[in-house]
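Thanks for coming. I will go through one model this morning, strands first, then a side-chain pair, then a surface patch.

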Amino acid sequence: GREFHYSDSSETITLTDAGGGQSTIDSTAGELVTFVNPTSFLNLFSGGGSDIINIDSLGIVPPAPIAFEIDAGAGNDTINVGSNIAEGPFAITGSLTLKGGEGDDTFNLDSLAADLNLNLTINGQDGANDIVNVNSPVSLTSTTQVTFNTETINLNGGSITSAGSQYFSGNVVLGDNTIIDAGDQLFLEGTVSGAFSLDISA
């Protein structure tokens with residue numbers, strides 16, 4: 001596996017597919033690194049400061065699933081997944097865990113590939129106003145639970161479909177007509193608002 005640790009300064013960190021079985025990670029406060037794609041785990045710790053983390057793409061097609069975790073640490077951080085449309089939608093097999101740490105954090109799911117065998121967990125942790133913006137349809141074949149653990153969950157992508165349970169700990173705001181289709185249980189712990197329809201099956 002591979003780990004990257006960054007400083008407590010505020011910075012922008014960008015991960016992209018370098019081709020040829022490699023990826024590139026760069027920071028406005030650090031060096032550019034091109035590395036061979038790991039086949040077990042990839043961890044990114046951004047440290048303190050109010051950071052922006054861009055996961056534009058990750059060209060990993062390993063023989064076994066990869067565990068990908070981002071820990072934004074202290075500060076008011078923003079994590080963007082699949083924000084560079086030119087790179088194509090974000091796609092891996094395994095797990096994607098996004099942690100906000102201290103501070104008010106924003107998580108943007110901008111472009112996800114369809115039918116991902118992916119365990120998805122977003123945890124705002126210690127912030128008082130953590131937000132996740134689901135701006136892309138989400139279609140997961142994994143039977144593990146999908147978790148959105150933030151104060152506000154903005155559903156703008158039209159649908160969230162999974163083979164496993166879905167857990168929404170915060171208040172859901174509908175930015176589009178939305179379908180939630182959980183293959184197992186569905187937990188909505190907060191309010192649901194917005195001038196759009198919500199179709200639920202579980």
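**Strand pairing, a salt bridge and a patch**

Let me start with strand S19, residues 178-182, which pairs with S22 in the parallel sense over 4 bridges. Strands here are DSSP runs of E with at least two residues, numbered from the N terminus, and two strands pair if DSSP finds at least two bridges between them. Within this pairing, Asp181 has Ser201 in S22 as its bridge partner.

Before going on, the ground rules. This is a predicted model, where local features need pLDDT of at least 70, side-chain atom pairs count only at pLDDT 80 or more, and totals for chains, interfaces and linings use all residues. Residues are numbered from 1 along each chain as its sequence is written, and side-chain values use heavy atoms, with hydrogens and water left out.

Back to the sheet. S19 and S22 belong to an open sheet of 4 strands, in the order S13-S16-S19-S22, with parallel pairing. Its edge strands are S13 (138-140) and S22 (198-201), each of which pairs on one side only. From one strand to the next the twist averages 5°; the axes behind that angle are lines fitted to C-alpha atoms, and angles run from 0 to 180 degrees between N-to-C directions.

Another set of strands runs parallel too. Strand S11 (residues 118-123) pairs with strand S14 (residues 146-149) over 3 bridges, in the parallel sense, and Thr121 has Thr147 in S14 as its partner. S14 is also joined by 3 bridges to strand S17 (residues 166-168), again running parallel.

Now side chains. How many salt bridges does a search of the whole structure find? The count is 1, taking a salt bridge as a side-chain nitrogen of Lys or Arg within 4 Å of a carboxyl oxygen of Asp or Glu. Lys99 forms it with Glu69, and the closest N and O atoms are 3.2 Å apart. Lys99 lies in strand S9 (residues 94-99) and Glu69 in strand S7 (residues 66-71), so the pair ties together parts 30 residues apart in sequence. Lys99 is partly exposed because its relative accessibility is 23%; partly exposed falls between buried, under 20%, and exposed, over 50% (1.4 Å probe, protein chains only). Glu69, at 22%, is partly exposed as well.

Last, the surface. Leu188, Val192 and Ile200 form a nonpolar patch with about 210 Å² of accessible area together, by the Shrake-Rupley method with a 1.4 Å probe. Patch residues have over 30% relative accessible area and no salt bridge; nonpolar side chains are joined within 5 Å, like charges within 9 Å. Val192 sits in strand S21 (residues 192-193).
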